[in-house]
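Please look through the model below before reading on.

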Amino acid sequence: MMKFTLYWFVYLLELARPLGNHRHCARYYLGSTNNLNRRLTQHRSGDRLIGSAFTAAAVERGIQFQVVKFWYCNSFVEARFLERRLKRRKNHAKLLDLTQAAINTLLTELRVAHGR
């Protein structure tokens with residue numbers, strides 16, 4: 001019998017130019033999903049209900065964006081944990097240098113903490 005493995009992803013989108021105003025602007029969006037192609041299509045739809053308010057605002061302003069980095073996770077729980085952990089880092093541009101090996105170290109911390 002074949003074992004079916006479903007991966008989850010934490011992904012980083014980069015906008016072609018910053019979105020915001022003189023007080024606050026952002027160029028990156030961090031999210032998680034189990035279907036990266038579907039999620040990107042949702043973001044590009046510009047619909048705030050199925051995409052995100054951030055990417056909808058980018059679509060409204062004609063700002064293009066693309067996936068510039070993604071990391072694999074084994075479960076929804078791991079993906080959400082990783083997404084929250086990475087969102088705590090305020091400079092998302094530095095996430096571009098984060099390797100899958102570094103991510104695996106963070107996920108190992110989660111597994112140890114929860115006895116997995």
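This is a predicted model: local features need pLDDT of at least 70, side-chain atom pairs count only at pLDDT 80 or more; totals for chains, interfaces and linings use all residues.

1. Three strands make an open sheet in the order β2-β1-β3, and their pairing is antiparallel. β2 and β3 are the edge strands; each has a single partner, so one side of each has no neighbour in the sheet. On average, neighbouring strands are turned by 20° against each other, direction ignored.

2. The hairpin. β1 and β2 form a hairpin, with four residues between them. The two strands run antiparallel and are joined by eight bridges. E14 has Y28 of β2 as its bridge partner. L12 stands opposite L30, also in β2. As a general point, side chains in a regular strand alternate between the two faces of the sheet.

3. Which residues of α3 are buried? They are E78, A79, F81, L82, E83 and L86. Two of these, E78 and E83, are glutamates. An α-helix has 3.6 residues a turn, so residues three or four places apart point the same way. The buried residues of α3 pack against β1 (8-20), β2 (25-33) and β3 (65-73). They also pack against the helix α4 (100-113).

4. The loop residue N35. Where does N35 sit? N35 is in the loop between β2 and α1 (36-45). N35 counts as partly exposed, because its relative accessibility is 33%, and that class lies between 20% and 50%. The N35 side chain reaches the backbone nitrogen of N37 at 3.4 Å. N35 and R84 are 49 residues apart along the chain, and 19 Å separates their C-alpha atoms.

5. The cysteines. How many disulfides does the structure hold? The number is zero. Consider C25 and C73 in turn. C25 is partly exposed, with a relative accessible area of 48%. C73 has a relative accessibility of 1%, so C73 counts as buried, the cut-off for buried being under 20%.

Definitions and conventions:
Residues are numbered from 1 along each chain as its sequence is written. Side-chain values use heavy atoms; hydrogens and water are left out. A disulfide is a pair of cysteine sulfur atoms within 2.5 Å. Buried means under 20% relative accessible area, exposed over 50%, partly exposed in between (1.4 Å probe, protein chains only). Contact means heavy atoms within 4.5 Å. A polar contact is a pair of N or O atoms within 3.5 Å; within protein, one must be able to donate a hydrogen and the other to accept it, and residues adjacent in sequence count only if both atoms are side-chain atoms. Two strands pair if DSSP finds at least two bridges between them. Axes are lines fitted to C-alpha atoms, for helices over the stretch in contact, and angles run from 0 to 180 degrees between N-to-C directions.
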